[in-house]
Amino acid sequence: MGRPSPLYFAKRLSERYGTRIYLKREDLNHTGAHKINNSIGQILIAKKMGKQRIIAETGAGQHGVATATVCALMNLPCTVYMGATDVKRQHTNVERMKMLGAEVVPVTSGNMTLKDATNEAIRDWCCHPAETFYIIGSTVGPHPYPDMVARLQSIISEEIKVQLQEKTGRDYPDYLMACVGGGSNAAGTVYHYIDDSRVKIILAEAGGMGVESDKTAASLEIGTTGILHGSRIKLMQTDDGQIIEPYSISAGLDYPGTGPIHCNLYETGRAQVLPANDDEALRAAFLLTRLEGIIPALESAHALAVLEKVKFRPDDVVVLTVSGRGDKDLDTYLSHKDEIKFDF
Ligand SMILES: *Cc1c(COP(=O)(O)O)cnc(C)c1O
């Protein structure tokens, strides 16, 4: 998959924010995001268990593509559940999955996004437990998935340690930053630093049209304790325990909860969680593109947007994970280009 992914000193971005910013380039992985770290690990487990069929859910399509890729490699049939809304807004990824030989099943329940795709995948899994392995794409779902996915993604912080030592002379940063959907790229980014109190953790969740509005996916900020897809988490729900449909411009962050690990990091205060709204993420994506020549995924742009909200010192070392590349989001970016104020 092209590991280790580079740790890249973003010179012009650093100048703009008056600090030292290093980008962990998961966007440069084969298939274009961090999801492949997890899919390759889980398919090896599936093989070892003698499973004959793979299923997966996907939001933006990155996890579907990563899973379809490892299925082609391992010669296993693959079915990917994807919300019908996401099938539309992420069509190039749908085409990639089909090219790789996967069957893509559009899901038309709920608001036809990630939660609904996950529901459908769990239904399939429950009906075919003997021969089917469900490759979950994030640190969500029933145990042991959140733990297993976090461990498989922990390669990100394992590499950051070595790379930071080489580049800065110490193996820890002052800040770690990542976006959170289900939480897997963030879990991988912080995994080997969780008990290191010298390192501050800042996570960006999708504010959508604003945390106060009814169009948001900021589940850590507004969620209450509940159970979804087999884990007890902070959840966007009504008083009756019905899910409130999340909203984000980014298909990969459009989930009404976040993994149990992140809920714990939030509740214990280990991580600071800040929302980034749609417009802030769009602007941050154009900013990175024009300053560094890197088109980030819309999800990753939420982490970049949060750079605006933190006061750094000039000698701070900030490591921010760019979870994926932006090719899949070009239609969205170009349709909003006129709203961006280009003062950079
Ligand atoms: C799936 C995805 C995310 C969100 O998932 P996490 O499990 O929170 O990492 C973020 N960025 C990209 C590029 C993705 O594909």
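This is a predicted model: local features need pLDDT of at least 70, side-chain atom pairs count only at pLDDT 80 or more; totals for chains, interfaces and linings use all residues.
Student: Is I295 buried or exposed, or partly exposed?
Tutor: Buried means under 20% relative accessible area and exposed means over 50%, with partly exposed in between. The relative accessible area of I295 is 38%, so I295 counts as partly exposed.

Student: Which residues make the nonpolar surface patch, and what is its area?
Tutor: The patch is made by I295 together with L330 and L334. Its area is about 260 Å².

Student: How many aromatic pairs does the structure hold, and what is the angle between the planes of W125 and Y145?
Tutor: The structure holds 8 aromatic pairs. One of them is formed by W125 and Y145, with 5.8 Å from centre to centre. Planes over 60 degrees apart count as edge-to-face, and this pair is edge-to-face with an angle of 75°.

Student: Which helices does the pair of W125 and Y145 link, and how many residues apart are the two?
Tutor: W125 belongs to helix α6 (residues 114-127), whereas Y145 belongs to helix α7 (residues 145-153). W125 is partly exposed at 25% relative accessible area, while Y145 is buried at 5%. The pair links distant parts of the chain, α6 and α7, with the two residues 20 residues apart.

Student: Why does the pair of F286 and F342 tie together parts of the chain, and how far apart in sequence are they?
Tutor: The ring centres of F286 and F342 are 5.6 Å apart with planes at 90°, so this pair is edge-to-face. F286 lies in helix α12 and F342 in the segment after α14 (330-335), so the parts tied together are separated in sequence by 56 residues.

Student: Which residues do ring pairs link into a cluster?
Tutor: F286 is buried, with 7% relative accessible area, whereas F342 is partly exposed, with 34%. Ring pairs link both of these into a cluster whose members are F286, Y333, F342 and F344.

Student: Where on helix α5 are N93, V94 and M97, and what arc do they cover?
Tutor: In helix α5 (residues 91-99), N93, V94 and M97 are buried. An α-helix has 3.6 residues a turn, so residues three or four places apart point the same way. K98 and M99 are exposed on the other side of α5.

Technical notes:
Residues are numbered from 1 along each chain as its sequence is written. Side-chain values use heavy atoms; hydrogens and water are left out. Patches are made of residues with over 30% relative accessible area and no salt bridge: like charges are joined within 9 Å, nonpolar side chains (Val, Leu, Ile, Met, Phe, Trp, Tyr) within 5 Å. Accessible areas come from the Shrake-Rupley method with a 1.4 Å probe; for residues, only the protein chains shown count as cover. A salt bridge is a side-chain nitrogen of Lys or Arg within 4 Å of a carboxyl oxygen of Asp or Glu. Buried means under 20% relative accessible area, exposed over 50%, partly exposed in between (1.4 Å probe, protein chains only). Rings of Phe, Tyr and Trp (its six-membered ring) pair if their centres lie within 6.5 Å; planes under 30 degrees apart count as stacked, over 60 as edge-to-face and the rest as tilted. Helices (H or I, at least four residues) and strands (E, at least two) are DSSP runs, numbered from the N terminus.
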